[in-house]
Structures are given as C-alpha cells and as structure tokens.
Amino acid sequence: MKPLHRHLPASRLLLACVAAAFVFALLIPAERVYTQAAQGAGQKQVWPPKLEEPAAGEVEVLPVRGQVSVIIGAGGNVTVQTGEQGILLVDTGIASMSDKVWAAVQRIAPPRKPLRYVINTTEHPEHTGGNAVIAGKGETVPLRDANYTAGPQGTIQYNRASVVAHQNVLNRMSAPTGQKSPTPPDSWPDNTYAIDQKRFYFNDEPVVMMNLPGNTDGNTVVFFRKSDVISTGDLIDLTRYPQIDLKAGGSIQAFVTSLNKLIDLCVPESHGAGGTLIVPGHGRIADHAEVAYYRDMLYIVRDRIQDMIDKGMTLAQVKAARPTRDYDGRYGSTTGAWTTDMFVEAAFASLSKK
Ligand SMILES: [Zn+2]
C-alpha cells in the first residue's frame, strides 16, 4: 500500500500540516500562551512608566556608545565625550550642581586628560549654569605664544576650556557695552558660529554642530559621527511638551522643520529601532523611532491648532478643545515650570504670528 501523502499535491500537504499545528496549539493549556495581557494580568498598567532617576541633588552617569556618556540629574542632560585628546562636554547643567557634574566627568575621563571644549545647546540656565565653574577647570590649546598680545588672539584665556555656541546664545547671555548682562562674563561662550554648521575633529572623531532652531533660534545639536550619537539639547525633551521660548525666537514650526532634519541624520538598525542614539535635552536616551514619534506628535498638534485658528477660534476655545488630549498621558503636565496649557498658548501664539 502506498503512503497517503503520495496522493496529495504539495500545497494540500502543507495545508494539512498547518491545520495539524493549529489543532495542536489549541490543546496547549491557556497559561502557556505568553501574551502581554497574560503577563500583565493582576498588575495595574501605569503610563507613562516610572523611570528610575537619581535622587534629588545627585547625578548619575550612563554610558551611551563609543566614547560618549551622559550625566543625568543636573537640570539638563550633560553629554561627555572623552579620549586621547581630552574631554568635550555638551552643556554643563544648573549652577548648583557644578561640583557634582565635574566629579562625575572625572570619573568617566581617563586620568590627567584636560577639559578642552564645552558646547552649549541653548542659553537656558539648566544647560549653561555650570559654565563658569566647569569651563574654569579646563584649558584651551594655545594658538600663540603666551606673550603674544596683538589682535584678538592675545585676549584668549588659556586656563579655561573653550565654550562654543551659536552666536545668538552669546547675544542673549551678554548685553551691549554699558548695559547689565543677564549672566556673568565668565560663563559666556568665547567661540561662536553664525552659519548652519561648525565642525571639528576631536578624540579621533568628527564632531558636527548644527544650528537647528526649536525652542530658541540659537539651538545647537551635536553629532558625534564615529560613535553615532547625537546630543540634541532642547530640540527634544522627553519629560514634557517642548518648551517654546517665543522671546528667543522659538516656534512650533521651527521644531517640526528641525526634527525632520534630525530624523534625516538618524539611521535605524532594524524595524525603526536602535541605530543612531539620541541624547535629548531632558529625559532618557532615545533612538530614531522615538524621535519620529515626537516629531509626529508635534505635526499633529500643530495641524490641529492651525486648523482651529483658521476656523477663527480664540485661544480660550482652542484650549477648551484640548488639541493635545491624546498625548497628555505621555507629555502633559498641569504643574511645574512648563505645563500643557503653556505649551498650547505658545504654539497658538507662534502659529498666529505669521
Ligand atoms: Zn532644557
């Protein structure tokens, strides 16, 4: 007698196997099916998930990738790149945490390597507050003989790390001669740029600074090309809605435009996740997918508010319509320095300007 399967075409045989597997699967006891619902049974789901943060007044160091790490807990995130040539920081945190940030930097850096550069992503005090103390711990590579006094090179202080930022950051931290500046001169950038990009090579790695306006017109994002890490400053804030500083040239449209440029720089590893790593101005380390979600949120909220403005709705009516409602669980806040209401007000104002 011939075996049965010889009478079946290949497709029929495959179908029989699939059906058999299905029947077998039904026989497996229900508790062996590992779905998210089964795993979460009996546990209350919380969103957003509670993230472990350092205790108040303490900082924590997280390695990101390659020679890049991040210090969290000092106001804004402080990105650290270290190597043979020395130390580079992106932002310095709030002033009161300067000593703890510097102690953390020394734990990361190889022994006896000098701090050479501090890059400021914006002028806000949670990013520049530590400039005076921390830059003062570093030293600049002398370009001239110590006794050289002619021209602007003669005024450079070699016993301080070079503080690099977009020109608009210096303009807002300082003031015209004869007027009182909002911050002391020893915290000001001494190395500025006013074009799209500023680039240099440090610790065997290209470091590319880009002016991508968002909450201010002076925002810089810093791309560590070999480590494939981008430190974005407040262009991304994963702890709340983005803080739009209207007086400093920020707008919701600037965020959308700049986040699209940022996404162009990110190469995901697989299924949109992994790959290029992002250190935001505040919050956890992110990847391409998280940036895309954040960009989409801003697009959607912008379009809703714009639509309401076009229909002639007032700010009070727009607020009452809650254009951010479906994102409030993730980014919203009714307390603190930047609430959902403040975000909607700033977005409304920046879209009404035209
Ligand atoms: Zn910030």
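Two strands pair if DSSP finds at least two bridges between them. Helices (H or I, at least four residues) and strands (E, at least two) are DSSP runs, numbered from the N terminus. The model is predicted: local features need pLDDT of at least 70, side-chain atom pairs count only at pLDDT 80 or more, and totals for chains, interfaces and linings use all residues. Residue numbers start from 1 along each chain as its sequence is written.

**Exercise 1. Describe the sheet that contains E1 to E7.**

Step 1. Seven strands make up this open sheet, in the order E1-E2-E3-E4-E5-E6-E7, and their pairing is mixed.

Step 2. Its edge strands are E1 (60-65) and E7 (191-193), each of which pairs on one side only.

Step 3. From one strand to the next, the twist averages 20 degrees. Axes here are lines fitted to C-alpha atoms, for helices over the stretch in contact, and angles run from 0 to 180 degrees between N-to-C directions.

Step 4. Inside the sheet, E4 (residues 86-90) and E5 (residues 115-119) are parallel and share four bridges. Valine 90 has isoleucine 119 of E5 opposite it.

Step 5. Helix H3 (residues 98-108) packs on the sheet and touches E1, E2 (68-72), E3 (78-83) and E4, its direction making about 35 degrees with that of E3. Touching means contact: the C-beta atoms of two residues, placed from the backbone, lie within 7 Å.

**Exercise 2. Describe the sheet that contains E8 to E12, and state which strands stand at its edges.**

Step 1. Five strands form this open sheet in the order E8-E9-E10-E11-E12, with mixed pairing.

Step 2. E8 and E12 are the edge strands; each has a single partner strand, so one side of each lacks a neighbour in the sheet.

Step 3. The twist again averages 20 degrees from one strand to the next.

Step 4. E8 (residues 197-201) and E9 (residues 206-211) are antiparallel, with five bridges. Glutamine 197 faces methionine 210 of E9. The two strands form a hairpin with four residues between them, and in its turn asparagine 203 has a positive phi of about 55 degrees.

Step 5. E10 (residues 220-224) and E11 run antiparallel and are joined by three bridges. Valine 222 has serine 231 in E11 as its bridge partner.

Step 6. H7 packs on this sheet, touching E10 and E11, and its direction makes about 160 degrees with that of E11.

**Exercise 3. Which residues have the most contacts inside the largest nonpolar core?**

Step 1. A residue is buried if 20 or more other C-beta atoms lie within 10 Å of its own, exposed if 12 or fewer, and partly exposed in between, with C-beta atoms placed from the backbone. A nonpolar core is a set of buried Ala, Val, Leu, Ile, Met, Phe, Trp, Tyr and Cys residues joined through C-beta atoms within 7 Å.

Step 2. The largest such core has 65 residues, and Leu89, Val101, Val118, Val222 and Ala347 have the most contacts inside it.

Step 3. Apart from residues up to four places away in sequence, valine 222 touches Val90, Ile119, Val207, Met209, Ile230 and Ser231.

**Exercise 4. Is asparagine 131 buried or exposed?**

Step 1. Asparagine 131 lies in helix H5 (residues 131-135).

Step 2. It counts as buried because it has 29 C-beta neighbours inside 10 Å.

Step 3. With neighbours within four places in sequence left aside, asparagine 131 contacts Thr92, Val118, Val163 and Ser187. Its C-alpha atom is 7.9 Å from that of valine 163, a residue 32 residues apart from it along the chain.

**Exercise 5. What covers the buried residues of H8, and what do those of H11 pack against?**

Step 1. H8 (residues 288-310) has 23 residues and spans 32 Å from first C-alpha to last, close to the 33 Å expected at 1.5 Å a residue. The expected span is 1.5 Å times one less than the number of residues.

Step 2. The buried residues of H8 are His288, Val291, Tyr294, Val301 and Ile305. Their cover includes E11 (229-237), H7 (252-265), E12 (277-282), H9 (315-321) and H11 (340-353).

Step 3. In H11 the buried residues are Thr340, Phe343, Val344, Ala346, Ala347, Phe348 and Ser350. They pack against H7, H8, H9 and H10 (328-331).
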